[in-house]
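Notebook open, model loaded. I want to jot down what I looked up, in the order I looked it up.

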Amino acid sequence: MKGFRKALEVVISISVLTALWELIALAGRFEKSLFPSPAAVLAGISELVEDQTLFANIKVSLVRFFTGYLSAVAAGIGLGLLLGWNKSIWAFVDPVVQILRPISPIAWFPFIVLWFGIGDAPAVVIIFIAAFFPVLLSTVSGVGNVDLIYLKVAENFGIKEPRLLFKIILPAAFPMIVNGLHLALGSAWVFLVAGEMVGAQSGLGFMIIDARNSLRTDLVLAGIIIIGLLGFLLDRLIRILEDRIKSRWMALPGVED
Amino acid sequence: MYILINEVSREYFFKDKGVTVALEKIDMEIEKGEFVCLLGPSGCGKSTLLNLIAGFDVPTSGVIKINGEIVTKPSKNRIMIFQNYGLLPWRTVLKNVELGLEGEKLTKKERRFIAEEYIELVGLSAYKNHYPVQLSGGMQQRVALARALAVDPEILLMDEPFGALDAMTRMTMQDEIERIWKEKKKTILFVTHDIEEAFFWLTELW
């Protein structure tokens with residue numbers, strides 16, 4: 001029943017938006033290329049499906065995305081564990097991170113091209129930068145907030161470093177790390193497109209630039225919608241993972257009192 | 001003397017508030033296999049004393065000796081049981097009980113065998129593949145007990161272990177502890193602020 005209602009809400013919300021959009025396109029008599037109608041965009045999507053560019057580009061984008069994202073996750077969690085545990089080192093690293101973090105990955109683009117060339121690498125590097133900081137920071141703070149009782153239990157049962165890090169600290173910090181993974185996924189997806197718009201000859205971002213260059217705004221909008229849908233799907237997937245982990249971890253033993 | 005507590009004090013120093021004395025010159029002697037219940041109101045220092053015996057903390061003055069050796073750090077020979085159990089929520093019951101055995105020279109099979117034996121002892125064999133969150137408070141405390149017993153410590157330190165349990169569950173747990181104490185011949189230090197609970201254990205008062 002709840003699922004049905006939810007589905008109904010989604011269908012209604014999207015239908016109303018599409019209807020409004022079509023109405024404005026019809027009533028406003030805009031230049032077609034300045035305001036493509038839903039029908040035109042739908043036709044654009046099927047055109048992209050037919051000439052096989054859509055799935056090829058999605059595949060390229062997803063491969064880049066996961067390469068950049070997963071390596072950022074590995075690096076962020078690994079470094080976050082070490083730095084979160086060694087607070088004296090983190091005290092020196094933290095200021096640097098705080099300065100680097102607010103810089104848009106795109107700002108590095110000139111250097112990225114100089115260092116990594118063109119092709120897949122720039123987009124991957126930009127995704128890496130976008131995902132790295134949220135993962136690093138959430139890991140450091142997760143490690144810093146591990147419940148003292150776990151450390152006592154570990155000490156009592158003779159679990160010492162480095163086993164302590166992997167057996168106790170990492171899993172205990174995991175709910176907070178997963179928060180970071182979720183945040184990172186969102187921002188990495190945003191920068192995937194940006195990265196592909198400036199430095200790639202394939203992928204969803206490039207698909208949009210390519211359509212713009214041939215003045216096919218219907219395809220531009222088609223690309224935008226596909227990106228939105230895929231981003232939404234990825235977000236759902238990681239949310240399922242997040243919920244699963246939290247339902248097991250968060251209901252911590254003994255907090256019922 | 002098995003456990004010797006000699007003029008033990010523990011003071012906490014605060015920047016602005018000066019010194020708080022949690023324990024002052026405590027003397028105590030405990031024989032092997034004894035069941036000692038520490039009764040007192042909240043904040044009287046009984047948990048502090050337990051923490052010192054466990055080795056999580058060190059006295060500001062005085063010494064604690066166990067088997068003639070001065071306590072300076074925690075050991076598998078004295079396992080603390082906490083009020084909020086301290087189970088690892090990402091591990092199943094079986095894996096929780098195996099925790100203390102993982103550092104020892106045992107094969108996977110031996111480890112499992114020992115863990116299952118103690119899970120059986122606390123009557124949770126049917127739940128060995130459950131996660132802590134799927135168990136009631138009483139069952140979680142049984143898991144903590146099995147985990148402690150699995151490393152075969154000589155001393156069990158229990159810090160208000162049934163404080164979060166309802167009265168009925170508490171009574172069954174008390175019987176269980178009594179049975180295990182007699183069967184396994186452990187030395188048990190039991191902290192509580194509940195007079196009724198203390199009287200359950202009482203055979204001798206000083």
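**Ground rules.** I am working on a predicted model, where local features need pLDDT of at least 70 and side-chain atom pairs count only at pLDDT 80 or more, while totals for chains, interfaces and linings use all residues. Residues are numbered from 1 along each chain as its sequence is written, and chains are lettered from A and ligands numbered from 1 in the order in which they are written.

**Chain B overall.** I found 6 helices and 8 strands in chain B; these are DSSP runs numbered from the N terminus, helices being H or I with at least four residues and strands E with at least two. Along the sequence I read β-β-β-α-β-β-β-α-α-α-β-α-β-α. The C-alpha atoms fill a box of roughly 50 × 40 × 40 Å along the principal axes.

**Strand 1 of chain B.** I followed strand 1 (residues 3-14) into strand 2 (residues 18-30): they run antiparallel, joined by 9 bridges. The two form a hairpin with 3 residues between them. Strands count as paired if DSSP finds at least two bridges between them. B:R10 has B:L23 in strand 2 as its bridge partner. Strand 1 also pairs with strand 4, again antiparallel, over 5 bridges; there B:I5 stands opposite B:I64.

**B:D57.** I looked this one up in the loop between helix 1 (46-54) and strand 4 (61-66) of chain B. Leaving aside neighbours within four places in sequence, B:D57 is in contact (C-beta atoms, placed from the backbone, within 7 Å) with B:R10, B:N51 and B:L52. I also noted B:K73, 16 residues away in sequence and 7.6 Å away, C-alpha to C-alpha.

**Core.** Last, I opened the largest nonpolar core, with 109 residues: buried Ala, Val, Leu, Ile, Met, Phe, Trp, Tyr and Cys joined through C-beta atoms within 7 Å. Its largest share, 17 residues, comes from helix 8 (residues 163-199) of chain A.

Technical notes. Two residues are in contact if their C-beta atoms, placed from the backbone, lie within 7 Å. A residue is buried if 20 or more other C-beta atoms lie within 10 Å of its own, exposed if 12 or fewer, and partly exposed in between; C-beta atoms are placed from the backbone.
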